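Open the model in your viewer and keep the selection panel at hand.

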Amino acid sequence: MSTGSAGHVTRSFTVPNSETADRTPLRRFLTTDDGVTIDAVYEPGGVVYDTSTPLSDHLSDHLVFVVAHGFTGDVDRPHVRRVAEAFAQYGAVLTFSFRGHGASGGRSTVGDREVLDLAAAVRWARELGHTRVATVGFSMGGSVVLRHAALYGSSGERKRGGRTGAASDVVVSVSAPARWYYRGTAPMRRVHWLITRPEGRLVSRYGLRTRIHDRDWNPVPLSPVEAAARITPTPLLIVHGDRDGYFPVDHPRMLAEAAGDTAELWLEPGMGHAEHAADDELLRRIGDWAVAQAG
């Protein structure tokens, strides 16, 4: 395990002799393995390409950032769009709304079956032509990228992966919990009220545009710290603020210790929680790190 941060280097990806360029986002409803429709947006970002040839011909060498938002976020929320804009300076970006959020179907299981949503998004990125994928998750999304990497990162999946597999090549987990059912802070007690109480789920549905499943986990899914131990050799960056009001710093330390030497831990001075607390400078450093690790 190592700690530190990378300096910022601006990178752009341009196809030589391109006469025309199209950066129009593509919006699709993806279908997960359990039949839920997921609202997703793909943006070429820094990739400039000739529109007279297929997009996939230009994307195999370019990294795509697949962004997994936090609980109550969605693809159109301003804080999610800001993250997408920052990563677009480094490559293509694919954002999506987890089940139960925004225009996606289904109901949120708060980190369990959301792994299937991320897998559908990664598969779409590879179908578009990308052979290098960085998954970047925040809070709930941070736990999802860890579990996704553990469940889909096998050598068999990676060999199938080229343009169809769901494995990620680089993983960044920001403000994620290490363990389930944590209620040690006031914000997490409020989150549990939203999730477990009928009146809380009503508030979430109509006040936060998030529809939450009313059933308990059965079985309890692999925990983030258990998942972190299974990610090797995929490069993993764990980012956490030392003023996170939801999860104290023992959570990222547990994750980094479980992941071992392939993990890098950044404890950010003065940072709070997730997307809202990730300033532009931090997002640039994450972009630099992901590009460097993805080769």
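Start by selecting Val66, Phe71, Leu94, Phe96, Leu236 and Leu255: of the 55 residues in the largest nonpolar core, these touch the most other members. A nonpolar core here is a set of buried Ala, Val, Leu, Ile, Met, Phe, Trp, Tyr and Cys residues joined through side-chain atoms within 4.5 Å; buried means under 20% relative accessible area, exposed over 50%, and partly exposed in between, with a 1.4 Å probe and protein chains only. Now colour helix 3 (residues 114–128), which gives this core its largest share, 10 residues. Helices (H or I, at least four residues) and strands (E, at least two) are DSSP runs, numbered from the N terminus.

Before going on, note that this is a predicted model: local features need pLDDT of at least 70, side-chain atom pairs count only at pLDDT 80 or more, and totals for chains, interfaces and linings use all residues. Residues are numbered from 1 along each chain as its sequence is written, and side-chain values use heavy atoms, leaving out hydrogens and water.

Next, centre on Phe96. Leaving aside residues up to four places away in sequence, Phe96 touches Ile38, Asp39, Ala40, Val66, Val67, Ala68, His69, Val75, Asp117, Leu118 and Ala121, where contact means heavy atoms within 4.5 Å. Then select Val83, Leu237, Ile286 and Val291, which are among the 29 residues of a second, separate core.

Time for the pockets. A pocket is an open set of points on a 1 Å grid over the protein atoms alone, where a 1.4 Å probe fits, with protein on both sides within 12 Å along at least five of seven lines; lining residues have an atom within 4 Å of a point. To find the largest pocket, select Phe71, Val110, Met188, Val191 and Ile195, the ones nearest its centre among 40 lining residues. Helix 6 supplies the largest share of that lining, eight residues.

Which residues line the second largest pocket? Select Arg99, Thr109, Asp112, Arg113, His213, Arg215, Asp216, Trp217, Asn218 and Pro219.

Last stop: helix 9 (residues 250–259), where His251, Pro252, Leu255, Ala256 and Ala259 are buried. They lie on the same side of helix 9 because they cover an arc of only 130° around the axis, taken from the directions from the helix axis to the C-beta atoms. Show helix 4, helix 8 (224–228), strand 10 (236–241) and strand 11 (263–268) too, as they are among what covers these buried residues.
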